[in-house]
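Work through the exercises below with the model open beside you. Try each task before you read its solution.

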Amino acid sequence: MSMIRLTNTRTRQKEPFTPLDPQNVRLYVCGPTVYDRAHLGNGRPVVVFDVLFRLLRHVYGAEHVTYVRNFTDVDDKINAAAQARRDSGDPRPLEALIRERTDETIGWYHADMDALGALRPSHEPRATEWIGAMVAMIADLIAKGHAYEAEGHVLFDVRSYADYGALSGRSVDDMIAGARVEVAPYKRDPMDFVLWKPSSDELPGWDSPWGRGRPGWHIECSAMAYELLGESFDIHAGGIDLQFPHHENEIAQSCCAHPEGGFARVWMHNEMLLVEGRKMSKSLGNFFTVRDLLDQGYPGEVIRMVYLGTHYGKPMDWTAEKAEQAEAALRRWRGLVAGIEPAPSPAAAVLEALSDDLNTAGAIAALHALAGAGDAAGLKASAALLGLLEDDMGDWINSTSEISDRIDALLQARADARQARDFARADALRDGIAAAGVVIMDSPTGVTWRLGPGFDPAKLEGLA
Ligand SMILES: Nc1ncnc2c1ncn2[C@@H]1O[C@H](COP(=O)(O)OP(=O)(O)OP(=O)(O)O)[C@@H](O)[C@H]1O
Ligand SMILES: [Zn+2]
């Protein structure tokens, strides 16, 4: 059995991975705040840790891995989105608008991440369904002297936890200097963070010993991880942007509430997807959604392969060129494996690459080598570890070839019209094809074309 080695953010080292209980290997990944469509950056941890999930299932057995990824469905940004809806004239109560918004967003998230070939986690807890567990954990933290109530808020007392900052390797004082901390009169220390805050009558709220209110974001993950995975588990993962303060705060809460546990053994962080050198993010407004790309005609499998072409620990960007290369490789591979039964096990080179800190780029290189050697059965079995060449992900090959047949036929009709000196018809066809977003390239040797970024297959209908 190949030994998995993972880079642990906590120790900043690549370490052999030994599960606490090989019968139940446990993974927690911070999930989305559900107020809007996932952007391409948000898809990166989903695909990266989906490969980790697949690898763990392969090594320990599918029924011996538990993967939890939460939905944060109580949050100020969600409230703001619902409030904006109401301000624009929707007469329904805020509560109904919030529920509609979170349900709808979860539906989109599932559809988009399914399209990227990500397996559904074992559990996808919604924060609002675990409020009781959060209240219990907060009460326990107060009882143990790690949290205090002030003006309807409950705050975590960071000075009560000596290891605060260990994950990022920074002291509390360094963090205060570097962070934008919210100063509030009721805080004992500017770094103290909110576990519970009061809600106005209109906002979502739950009864608690500290009055009607709602949980802070960090306690959600600590409480759900404890309920579903226990006081200690194997791997906790998420984007590097969550390392501080979110993960630092999760550790403080969980380790103080359950000092006998120790919370997550291994911390893994994916680097960011960038746009012109800056993190793709909603707040910077420099994002496009996974759905935008799918709608432009990029198959989910192609997007997935672009993500996996870069190691998760390195920043990456999205380029049309990467997508073209991924599509070309997938087309070749799919041609090769069509009708072929997968080999009984994946190739050693692919398994080794993935076991070496999820070296997905190395694994893809190994897939190219298998394809080059004509080992179709080995290619199919090995690609499955990366979630590629799966049978239910291959429809795009046919649908795209239907589209290319259609474009070829239209271009032929244009050539015929020219031949017949019917230039009006020839020009109308050319304009119609171009208006659908197809880039036509006339050259002395003939006509070639490619799909432009705004390609809309529906606009090809009715041209003839
Ligand atoms: N540009 C990015 N590249 C890679 N991962 C990202 C990027 N932006 C967010 N993530 C990850 O997406 C997951 C969902 O995060 P979350 O819902 O908090 O995002 P968000 O707050 O909507 O995003 P943003 O950072 O754009 O405001 C987290 O694991 C986060 O680390
Ligand atoms: Zn979290």
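This is a predicted model: local features need pLDDT of at least 70, side-chain atom pairs count only at pLDDT 80 or more; totals for chains, interfaces and linings use all residues.

Residues are numbered from 1 along each chain as its sequence is written, while chains are lettered from A and ligands numbered from 1 in the order in which they are written.

**Exercise 1. Domains**

Task: find the domains, then state how far apart the C-alpha centres of domain 1 and domain 3 lie.

Solution. Start with the bounds, which come from an automatic or database domain assignment. Domain 1 covers 5–270, domain 2 covers 273–393 and domain 3 covers 400–460. Next, take the C-alpha centres of domain 1 and domain 3: they lie 51 Å apart.

**Exercise 2. Strand 4**

Solution. Locate the elements first. Helices (H or I, at least four residues) and strands (E, at least two) are DSSP runs, numbered from the N terminus. Two strands pair if DSSP finds at least two bridges between them. One bridge pairs Leu27 with Tyr67 in strand 4.

Now follow the connection. Strand 3, helix 1 (residues 40–60) and strand 4 form a right-handed β-α-β unit. Right-handed means that, with the strands pointing away from the viewer, the path from the first strand over the helix to the second runs clockwise.

Last, check burial. A residue is buried if 20 or more other C-beta atoms lie within 10 Å of its own, exposed if 12 or fewer, and partly exposed in between; C-beta atoms are placed from the backbone.

**Exercise 3. Strand 6 and its partners**

Solution. Take strand 5 (residues 147–150): four bridges join it to strand 6. Ala150 stands opposite His153. The two strands form a hairpin with two residues between them, and Glu151 in the turn has a positive phi of about 50 degrees. Then take strand 7 (residues 193–198): three bridges join it to strand 6. Val194 is the bridge partner of Leu155. Both faces of strand 6 (residues 153–156) are covered, with His153 and Leu155 buried on one side and Val154 and Phe156 on the other.

**Exercise 4. Backbone details**

Task: where is Glu276, and is it buried or exposed?

Solution. Glu276 sits in the loop between strand 11 (273–275) and strand 12 (278–279). Its phi is positive, about 45 degrees, although Glu276 is not a glycine. Glu276 counts as exposed because it has 7 C-beta neighbours inside 10 Å. For a cis peptide bond, go to Phe244 and Pro245, where omega is about 0 degrees. Pro245 belongs to helix 7 (residues 243–257).

**Exercise 5. Lys282**

Task: what does UniProt place at Lys282, and which residues does Lys282 touch?

Solution. The unreviewed UniProt entry places the feature "binding site" at Lys282. UniProt positions are given in the numbering used here, feature names are shortened, and annotations may be inferred rather than shown by experiment. Lys282 lies in the loop between strand 12 and helix 8 (290–295). Lys282 counts as partly exposed because it has 15 C-beta neighbours inside 10 Å. Not counting residues up to four places away in sequence, Lys282 touches Asp36, His39 and Phe287. Contact requires C-beta atoms, placed from the backbone, within 7 Å.

Terms used: Two residues are in contact if their C-beta atoms, placed from the backbone, lie within 7 Å.
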